[in-house]
Amino acid sequence: MSNGLKLGCAALALLLCSLLSLAVGATWIPLSQVAAAFVHPDASSISHVLVTSTRLSRTLMAIAVGASLAVAGALMQALTRNPLASPGLFGINAGASFFIILFSSVFSLSSADAWLWCAFIGAAVAGCLVWLIGNMGQGSLNPLRIVLAGAAIAALFSAFSQALLVVNQDGLDTVLFWLAGSLSERSLSVAAPLLVCSLFALLGTLLLAGQLNVLNAGEEIATGLGQRTGLIRIAMSVLIVCLAGSAVALAGSIGFVGLLVPHMVRKGLSIDHRWLLPGCALTGAVLLLLADTLARVVMLPQEVPVGVMTALFGAPFFIILARRGGRHG
Amino acid sequence: MDKLMTVRCGGFSRRINLSTLLRLVLALALTLLVILCSLSLGKVNLSPLAVLRILFSSADPSLTFIVEQLRFPRIFLAALVGAALSVSGLILQSIIRNPLASPDLLGITSGASAAAVLYLSFFSVALGQQFLPVAAMLGAGLATLAIYLLAWKQGASPLRLVLIGVGVSAMLTACTTFILVFSPLTTTLSAYVWLTGSVYGASWPEPLALGGWLLGICPLLVLLARQVMVQQLDDSLAQGIGVRVQWLRAGLLLVSVALAGAAIAWGGAIAFVGLIAPHIAKRLIGPGFGGQAAMAALIGATLVMLADLAGRTLFLPLDLPAGIFVAVLGTPFFLYLLIKQRH
């Protein structure tokens with residue numbers, strides 16, 4: 001199968017999964033009704049309102065979050081040249097969680113809308129901190145140093161969060177559920193700026209794809225070919241913070257997607273970033289949509305955190321892919 | 001040029017780097033100082049001299065009880081847990097050839113956590129708490145065995161080992177979260193404290209059991225120590241100089257699981273020590289596994305002891321889990337070393 005065909009299949013899968021995500025839930029809405037809801041919206045029909053409000057916002061957010069996390073992971077792995085790097089390594093998840101816990105326990109903010117912005121600010125603060133420390137004292141960004149600084153900052157923020165959680169046990173349950181990753185209870189109007197932000201960041205990464213291939217060839221070669229590596233690295237870092245920050249703000253910390261989807265796509269599609277990045281975006285979106293749809297129906301009437309579902313269903317698939325390939329693969 | 005000293009004793013001969021030795025002695029002195037401080041601070045503050053008097057001669061029985069039965073086992077357990085986790089992290093970083101490798105990332109911690117949370121939620125009412133370490137250790141061992149078997153394909157390559165490790169770890173963490181979210185709040189809370197890592201309420205049998213286990217592993221560690229550096233080379237190069245790469249890798253993995261699994265079983269899932277202590281040790285001591293391992297053990301022990309000291313004294317009357325303070329205390333020092341060192 002050619003790469004183009006594979007991407008086409010992934011896009012088709014994304015379309016099918018989105019339809020499924022609109023139709024499936026606590027009440028099953030037939031596909032004809034789903035289509036009618038968009039073509040001839042009827043404000044008096046409950047299923048039409050359900051489809052165009054909650055289900056639509058969830059579906060859009062799942063697509064945006066899945067795509068952003070997977071692409072941010074691929075960028076992170078290219079930036080640090082470390083196969084174990086994930087967007088969480090920029091301290092983003094830990095920073096977002098810490099800010100939410102801090103604001104909800106100290107200033108007793110409890111609306112999901114306020115959490116959204118806390119999370120994004122926390123993610124940005126942690127990302128900037130890691131970037132500054134990774135760069136401190138020298139001109140170019142040292143991959144080893146940024147990885148270690150990231151791990152340290154992430155640990156520091158999660159230690160602060162744990163301390164707050166242990167001291168302040170009220171509201172432990174809601175925060176835990178939020179931290180485990182969930183797409184429920186986010187209204188589309190509040191989430192819209194972040195959705196737009198991640199959309200633009202995704203387009204930006206696609207423009208950078210060719211440059212990433214050059215950078216991956218090594219620092220000296222890239223400089224020799226006339227690339228301004230420092231500038232490319234800054235652009236990558238900003239994009240990672242935008243993508244992963246908006247993802248964590250929209251859906252809480254969903255592990256797995258950012259770390260493992262890039263590896264899956266590398267095995268299944270190509271290591272060329274011009275294919276890899278769109279492949280990651282589509283695969284991440286499909287995986288998260290499927291996981292979210294399953295999370296809604298597996299344990300009715302309770303909802304399972306979507307982060308749990310992505311790992312439970314994605315990991316076996318990932319392990320099979322990791323075993324494929326050569327002896328040293 | 002570093003000064004070298006040669007020790008010869010019959011057929012045994014070893015060259016010792018004097019600056020390494022000096023740094024190790026300093027670290028040991030620091031560790032002993034921290035032990036003494038931890039023994040004297042707490043709800044009842046004693047002077048270090050009073051502590052020494054209590055330890056080496058008879059004194060007021062109530063104070064003796066506080067120092068010898070309440071504080072000492074807890075400090076001893078913290079030190080052992082820290083040392084075991086750091087050495088395990090050092091070994092993992094060299095066999096995986098990745099600076100991010102640590103027991104936390106490779107499914108050892110998540111296996112132990114999943115087993116422990118499962119035990120706390122479903123079996124602790126019927127069986128009591130005493131089998132929790134066994135469950136945690138079983139979880140760590142099984143998780144690593146599964147990772148190794150899944151990664152095996154005419155040998156286990158480091159990259160496959162770590163990727164599958166991360167995959168399995170993601171699944172186990174998901175299971176843990178699943179159980180946590182759907183179990184009653186009391187279980188959630190005790191599980192959460194366990195997952196943060198705490199040596200709260202340790203009594204003598206616990207550190208003695210862990211100490212005995214670690215002492216049993218030591219000979220294996222000494223036997224394999226000379227070969228660890230070879231693991232950092234390319235597989236074919238290592239084979240070329242006559243090392244049985246796969247056996248050595250399996251052996252080292254076994255040792256690191258035995259170390260980390262036992263530490264987590266008795267101390268809870270204290271994160272970050274296994275990652276940070278080896279890096280600090282590597283920045284303080286030049287290449288050579290023996291010196292780095294000793295340094296990592298001392299740093300890990302000091303770090304967890306200090307974290308526990310902070311946890312039980314800073315927010316009196318609260319007794320916070322040591323795991324929280326490991327990152328708070330370790331990170332600034334680590335970042336300082338990171339910034340200071342310019343390649």
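1. The model is predicted, and the remarks that follow should be read with that in mind. In chain A there are 13 helices and zero strands, so that its pattern along the sequence reads α-α-α-α-α-α-α-α-α-α-α-α-α. With a radius of gyration of 20 Å, close to the 20 Å that the globule rule gives for 329 residues, chain A is as compact as a globular protein of that length.

2. Taken along the principal axes, the C-alpha atoms of chain A fill a box of roughly 65 × 55 × 35 Å. Buried residues account for 52% of the 329 residues in this chain, and, of the contacts in chain A between residues at least 6 apart in sequence, 75% join residues at least 24 apart.

3. In chain B, helix H7 (residues 158–181) has 24 residues and spans 34 Å from its first C-alpha to its last, which is close to the 34 Å expected at 1.5 Å a residue. H7(B) is mostly covered, with 19 of its 24 residues buried.

4. Turning to the interface, 48 residues of chain B are in contact with 46 residues of chain A. On the chain B side, H7, helix H8 (185–196), helix H12 (273–284) and helix H14 (322–340) each supply at least two of the residues that touch chain A, and the largest share, 16 residues, comes from H7(B).

5. As to the composition of the side of chain B that touches chain A, its residues divide into 33 nonpolar, twelve polar and three charged.

Notes: Residues are numbered from 1 along each chain as its sequence is written. Chains are lettered from A and ligands numbered from 1 in the order in which they are written. This is a predicted model: local features need pLDDT of at least 70, side-chain atom pairs count only at pLDDT 80 or more; totals for chains, interfaces and linings use all residues. Helices (H or I, at least four residues) and strands (E, at least two) are DSSP runs, numbered from the N terminus. The radius of gyration is taken over C-alpha atoms; the globule rule is 2.2 Å times the number of residues to the power 0.38. A residue is buried if 20 or more other C-beta atoms lie within 10 Å of its own, exposed if 12 or fewer, and partly exposed in between; C-beta atoms are placed from the backbone. Two residues are in contact if their C-beta atoms, placed from the backbone, lie within 7 Å. The expected span of a helix is 1.5 Å times one less than its number of residues. Ala, Val, Leu, Ile, Met, Phe, Trp, Tyr, Cys and Pro count as nonpolar, Asp, Glu, Lys and Arg as charged, and the others, Gly among them, as polar.
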